[in-house]
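Keep the view open as you read.

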Amino acid sequence: MFAPRLFGSGKIRGGVHPDGRKDATSDRPILTNLPLPSRLYVPLNQHSGDDALPLVRPGDRVLKGQLIGKASGRVSASIHAPTSGTVLAIEAVTMPHPSGLPAMAVIIEPDGDDRWIEIPTPPDPFSLDPDVLASKVEEAGVVGMGGAIFPAAIKLRQGRRFEIQTLIINGSECEPFLTTDDRLMQERADEIVEGTRLIRKIIEAYRAVIAIEDNKPAAIAAIQAAANKVGAIEVMVVPAHYPMGSAKQLIQAVTGLEVPAGKRSNDIGVLVHNVATAWAIQQALVYGKPLLSRVTTVAGACVAQPQNVEVLFGTPIEHVFKVCGGLTGVPARLLMGGPMMGQILPSLDVPIIKGSSGVLALSKAEVNAHTSSPCIRCARCVDACPMGLVPLEMARNSRADKLDAAQEFGLRDCILCGSCAYVCPSHIPLVQYFEYAKGELADRRSSQQKQEYTKGLIDARKERLEQERLAKEAAKAAKEAAKAAKDAARAAAKAEKEAAQAKTQHPESTTTSPADNCVREEQP
Amino acid sequence: MLTATLVLTLMGLILGGLLGLASRAFASNDDNPLVKEVESMLPGSQCGQCGLPGCGPAAEAIVNGTAAVTCCPPGGRALAESLAKKLDIDISTLGAAAVPQLAVINAEQCTGCTRCYKACPTDAIVGASKQLHSVISAACTGCSQCVAACPEDCISLQAETLSLTTWHWHKPEAA
Amino acid sequence: MNSITHELPLRAAPHAHDRSSVDRIMLKVCLALSPATAYGLYLFGWPAIILFVVTLLAAVATEALCLRLAGLPLQRLLDGSALLTGWLYAATLPPWAPWWIGAGGVAFGLIVGKHLYGGIGQNLFNPAMLARVAVLISFPVQLTTWVNPMPLGSELAPGFVDALAIIFANADYAAHLSAAPSGVDAMTGASWLGASKVAVGAGTDVGQWLAADFPLTAAFSGHIRGSLGETSALLILVGGLWLIWARVISWHIPASMLGMLSLCAWLASHFNGHLFPGPLFQLTTGAAMLGAFFIATDYVTSPASATGKLLFGAGCGLLLFTIRSWGSFPEGVAFAVLFMNALTPLIDRFIKPRAYGRTLGGKTLKHSDMRKIV
């Protein structure tokens, strides 16, 4: 067993220092109790994994907090009604995704009462068994709120199977513009610390560290004060350095360890949860409240009143902008998430989902996009890569569809953080090359799998047809044999006794399976 | 000078001739083992979408160079690339691979005659007599045998539709 | 409402940029070159200025022509890469070389060394050095004629008209001067590197000879015979260090190249001071400084990883020392850099940075490896 260092150096490799632009929102309190939109579009898949199964029909009345989508499949999460109202339809709506493709959603017309379903007062969570707590987190539909949207309960259960030395609560919100975690830590520090203690109890971690970047002094002070009240929770200040908020980088900064390629952080005894997830887990375990809303940063030069708002899932983004004073101009980019890793939105008609850490309407100057020019091999991308990869070679090979070579140069380890493209003087869309190559590789894997699967089906069918043919032949032979035997018996009986007492028997029950029919029809 | 030129020319001629003879004398008359290997890589559903009468002839045509490695729609890009690798063809010269297709049954026209699912080499169609049939897309290779078998002309082949899980970014336009 | 958003471009993240650009990088390199070049132009007067301007104009014209022929947008001219190639090439020329050496050389370098490979970013060899080597081999006399420093405004310096005659009409300025009453003994001479080579060939004790004759301070500050923009080691060093500070280049190549050159020179002169000049002579003469900071560091033709850069620089230094000591040419920066350029793809293929979570060989980290790394 190797001895992990108690503290990391706080340093990560490469990385960049993008202009934070957090001042516009970091000092303004979270706006809660937004006016309800006229419709909520609650997608049945707001997490990584399979769709939740809808439990309601059009016309049903639902109450706030009522389970409307049940987790189904190996990786999935429950969905709850964000407010009380009537289910209008369950149909495909455009998702907050650059493809603009639709996915199934429960469309709810709020009745304006915002009436909660009855929630029994939960027992003291610290007196409960860890497995019970994990199930409660699962029932509340909590997913990783930092962007990974992986169901939290699954991660907790995985953590229980390993010896976790260090639980890291990620307060290193490194994306420019975003201040949701910052505000949450400033305003709900006690809840986050309690959530941290609960997670720690569930996974039985030796240490719990809340890691916060040094550009958030107010959050550090608030969390430190809250942690001092209970003790045993460490607060670690890490340098503000993009992508510090990425789990792999934060683990390196806090523990000094690297997560081995292709492994999970569990394997080195570390588990990372986001501060917003800690808050959601605390709400679920202490108050029994399912996850219905999240804090989202609304910012960018094209937003009249940039601020953090607590939004119900399913709220259209247009409504969110309206609450913040509307758009002041035509944005150059409309994003969900931060500018470094966020995704372009296809329209304003898409809903806020569990992973929406921010909605940004950026001006041209903030985006600073240019048409790309050829690579001059300056290797600034190599220096900026926090994973120690060679982005320029990865892009060159991806462009030539030499995906194996691209993998070799690091595509397999790429976390798509965008540091390389951020510093590229030729404005080459490196990340898009990587996204393309990763997508192509996934396509190939799945078509390879399908090919193997259908090949198996063909072989199975051939074998089945062959067996059916043999069975038929055998049956035919048996029938003939039986007939012959019967004839012989009959003859013998005739010969033995004149007084005939014939006992007839059906030699065989006929099969009527369609497959059998098929064989018969095929063989004239 | 002249001698050197003559000697070199003569050597070139003789050696070249020898090589040519050798290639004839030692030509492999056996079945090309490569054809067998390529055939094992093909889907094996004998669907004929490549325009050849089955995977065996297709493998032969691919090895002989009369069919492109991209000719197999069920195999798609992945197969084209592994074939290219096997046959030492530059991947970047491939061009677009045939797109995988899926059979789709028009529910309004289907009479439940059961002919399509009997024809399906991968058992990808389910249904019963006088009942609407349905295609299991995970098992469908787009081989089009059901299309030919359907007396109502109610089966068509369509390119797979994209979903949020299968969509991915396109390659950026080159600078 | 949708009318707004449908016009938005479909681009993957990131949606932010640090505002760096190719033209700004090239501009910074030119800026870093300018003190040394300005000093060279002052030192060698009007002929040098004319040669410099002619070379730059030829570079830009050639680039424009190539872009036109390749069907590429002429805006690419603005990236400044051709200007920089021309500048670097001019900086390595004898200050009074005829105009066609400047114009023809840079045209050759850009056409054969850059655009035949597919333009910016695609070339294997440094175009400026390719041009220099081609010209050096073809026209060795013109490329080894070094004038003494004659600063602008000094008594002997040629005027603008004289300069035109020198550069464009190959006028014999020395003869013209000796006819003048003041008279002068020698207009031109060998470069210090060439002189040391001759001295070694003649059996002179180089150590003693240099100790007696070599003006180290002048060589460092730049007041010596030499190429147009490479005489002042000091000013090149200042420009190069500024480039490192401005993060345009990394320290790896200059440090390893100059380090290796100094190490070899120190060892050699330590063991055989009669034959080999010491490191200070090596560093302050010829194109060693210019090569280390401005030529070997060319992005396109040098390795991408830090380790690769160290190896590349060390290779350049070693080759430079070898060529200077035993080669037939007195100076070897261009040859050394070109040779290492050829090795760059190989270095990049085999020397990659260690990826997070992997060993240097690309295998998944094991716990036992981790202890070593931590």
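**Where chain C meets chain A**

At this interface, 43 residues of chain C are in contact with 60 residues of chain A. Contact means that the C-beta atoms of two residues, placed from the backbone, lie within 7 Å. On the chain C side, helix H1 (2–5), helix H2 (22–70) and helix H17 (367–373) each supply at least two residues. Helices are DSSP runs of H or I with at least four residues, strands are runs of E with at least two, and both are numbered from the N terminus. H17(C) gives the largest share, 5 residues. By class, this side of chain C has 21 nonpolar, 13 polar and 9 charged residues. Nonpolar covers Ala, Val, Leu, Ile, Met, Phe, Trp, Tyr, Cys and Pro; charged covers Asp, Glu, Lys and Arg; the others, Gly among them, are polar.

The model is predicted: local features need pLDDT of at least 70, side-chain atom pairs count only at pLDDT 80 or more, and totals for chains, interfaces and linings use all residues. Residues are numbered from 1 along each chain as its sequence is written, while chains are lettered from A and ligands numbered from 1 in the order in which they are written.

Now turn to chain B. It has 6 helices and 4 strands. From the N terminus, the order is α-α-α-α-β-α-β-β-α-β. The C-alpha trace of chain B spans about 90 × 50 × 20 Å along its principal axes. Its radius of gyration is 24 Å, whereas a compact globule of 175 residues would have one near 16 Å. That radius is taken over C-alpha atoms, and the globule rule is 2.2 Å times the number of residues to the power 0.38. Of the 175 residues of chain B, 29% are buried, with 20 or more other C-beta atoms within 10 Å of their own, again placed from the backbone.

Next, helix packing. Two packed helices are described by the angle between their axes and the distance between the axes. In chain B, the axes of H2 (residues 33–41) and H3 (residues 55–64) come within 8 Å and cross at roughly 125°. Axes are lines fitted to C-alpha atoms, for helices over the stretch in contact, and angles run from 0 to 180 degrees between N-to-C directions. H2(B) and H3(B) are therefore oblique to each other; angles under 35 degrees count as roughly parallel, over 145 as roughly antiparallel, 65 to 115 as roughly perpendicular and the rest as oblique.

Note on methods
Buried ≥ 20, exposed ≤ 12 C-beta atoms within 10 Å, placed from the backbone.
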